[in-house]
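Hi there,

Here is the structure I promised to pass on.

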Amino acid sequence: MGVSAWLSIADLGLTEGGTRIIDAATLDLCAQRSVVLGPNGAGKSTLLRLIHGLLHPSGGRLDWPRPLSQAMVFQRPIMLRTTALANVEYGLKLKGHAAPERGRRAAEALARVGLGNISHRPARLLSGGEQQRVALARAWALEPELLILDEPTASLDPASSREVERIINEIAAGGTRILMTTHNLGQAKRIAEEIIFIDRGRIVEQTAVAQFFTLPQTEAAQRFLQEETP
Ligand SMILES: Nc1ncnc2c1ncn2[C@@H]1O[C@H](COP(=O)(O)OP(=O)(O)O)[C@@H](O)[C@H]1O
Ligand SMILES: [Mg+2]
């Protein structure tokens with residue numbers, strides 16, 4: 001395990017119905033902002049879900065030198081049938097925060113994502129971009145040490161994407177570790193310190209961001225960049 005790793009993954013595997021979805025993944029996470037890239041079906045979402053504890057591995061280990069509080073944001077936000085504010089408060093309630101503090105923190109988090117003025121609207125009537133910002137506020141309000149995001153802008157228009165990106169960078173600036181996937185290579189460049197490249201369930205490359213986009217080490221990554229670059 002690297003001295004500064006906040007998570008060490010060793011031989012992690014997930015097999016479903018005889019198919020290896022994640023194949024002996026070994027990886028030290030040290031960077032504050034890591035972006036996982038790879039073709040469709042490579043296993044990116046599965047890896048993030050294993051790390052967040054939403055899936056149980058078939059083998060291998062996740063070693064947390066110190067347990068980190070974490071939150072996860074998905075491509076499609078799941079909104080409760082209530083106001084934006086109550087959605088954020090609910091996340092705090094689940095974590096055991098007391099009522100008066102919940103309201104204050106939820107309102108603060110919504111203001112930070114630029115939704116202070118519509119916090120009393122029904123969350124499900126907000127636009128996709130606004131709902132994703134509510135989801136980010138819900139995560140941010142918990143002040144997690146690690147925020148995991150699975151394609152958080154994949155369903156959004158470019159303007160909403162940039163807004164979500166700005167929020168992610170602001171959360172990172174507060175010291176939260178970021179581990180995310182995206183289909184948007186420009187976004188990966190703007191957010192990541194390092195790229196973890198995964199292909200057919202295998203981690204094939206872990207490289208500093210500047211190097212990944214100029215001199216990827218593996219043929220699989222070179223092919224991926226050629227196909228993804230317009
Ligand atoms: N519960 C499951 N059972 C069987 N196959 C699955 C399951 N979840 C994902 N897969 C398959 O595993 C592969 C990786 O999926 P996923 O992690 O969603 O990839 P990515 O996020 O990189 O597109 C895909 O081929 C997908 O169809
Ligand atoms: Mg995915």
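Below I go through the chain as a whole, then the sheets, then the helices.

First, some housekeeping. This is a predicted model, in which local features need pLDDT of at least 70 and side-chain atom pairs count only at pLDDT 80 or more, while totals for chains, interfaces and linings use all residues. Residues are numbered from 1 along each chain as its sequence is written, and chains are lettered from A and ligands numbered from 1 in the order in which they are written.

**The chain as a whole**

The chain has eight helices and nine strands. Helices (H or I, at least four residues) and strands (E, at least two) are DSSP runs, numbered from the N terminus. The radius of gyration is 18 Å, close to the 17 Å that the globule rule gives for 230 residues, so the chain is as compact as a globular protein of that length. That radius is taken over C-alpha atoms, and the globule rule is 2.2 Å times the number of residues to the power 0.38. The C-alpha trace spans about 50 × 40 × 35 Å along its principal axes.

Of the 230 residues, 40% are buried. A residue is called buried if 20 or more other C-beta atoms lie within 10 Å of its own, exposed if 12 or fewer, and partly exposed in between, with C-beta atoms placed from the backbone. Two residues are in contact if their C-beta atoms, again placed from the backbone, lie within 7 Å. Among contacts between residues at least 6 apart in sequence, 67% join residues at least 24 apart.

**The two sheets**

Strands of a sheet pair through backbone hydrogen bonds, either parallel or antiparallel. Here two strands are said to pair if DSSP finds at least two bridges between them.

One open sheet has three strands in the order β2-β1-β4, with antiparallel pairing. Its edge strands, β2 (19-29) and β4 (59-63), each pair on one side only. Neighbouring strands in this sheet are turned against each other by 20° on average, direction ignored. Angles run from 0 to 180 degrees between N-to-C directions, and axes are lines fitted to C-alpha atoms, for helices over the stretch in contact. Strand β1 (residues 7-16) is joined to β4 by four bridges, and S8 has D63 in β4 as its bridge partner. Helix α1 (residues 44-52) lies across β1, β2 and β4, running at about 60° to β2.

The other open sheet has six strands, ordered β5-β6-β7-β3-β8-β9, and its pairing is mixed. At its edges are β5 (70-73) and β9 (202-208), each pairing on one side only. The twist from one strand to the next averages 15°. Strand β8 (residues 194-199) runs antiparallel to β9, and six bridges join the two. Along this pair, F197 has E205 as its bridge partner, and D199 stands opposite R202. The β8-β9 hairpin has two residues between its strands, and R200 takes a positive phi near 45° there.

**The helices**

How do α2 and α4 cross? The axes of α2 (residues 84-94) and α4 (residues 128-141) come within 8 Å and cross at roughly 30°. The crossing is right-handed, meaning that the near helix is turned clockwise from the far one by less than a right angle. In this contact, A84, N87, V88, G91 and L92 of α2 meet V134, A137, R138 and A141 of α4. These residues divide into six nonpolar, two polar and one charged. Ala, Val, Leu, Ile, Met, Phe, Trp, Tyr, Cys and Pro count as nonpolar, Asp, Glu, Lys and Arg as charged, and the others, Gly among them, as polar.

The buried residues of α2 are A84, L85, N87, V88, E89, G91 and L92, and they pack against α3 (99-112) and α4. After α2 comes G96, which has a positive phi near 90°.

A135 is in α4 and counts as buried, with 26 C-beta neighbours inside 10 Å. Leaving aside residues up to four places away in sequence, A135 touches V73 and P77. N169, in helix α5 (residues 158-173), is partly exposed, with 13 other C-beta atoms within 10 Å.

Best wishes
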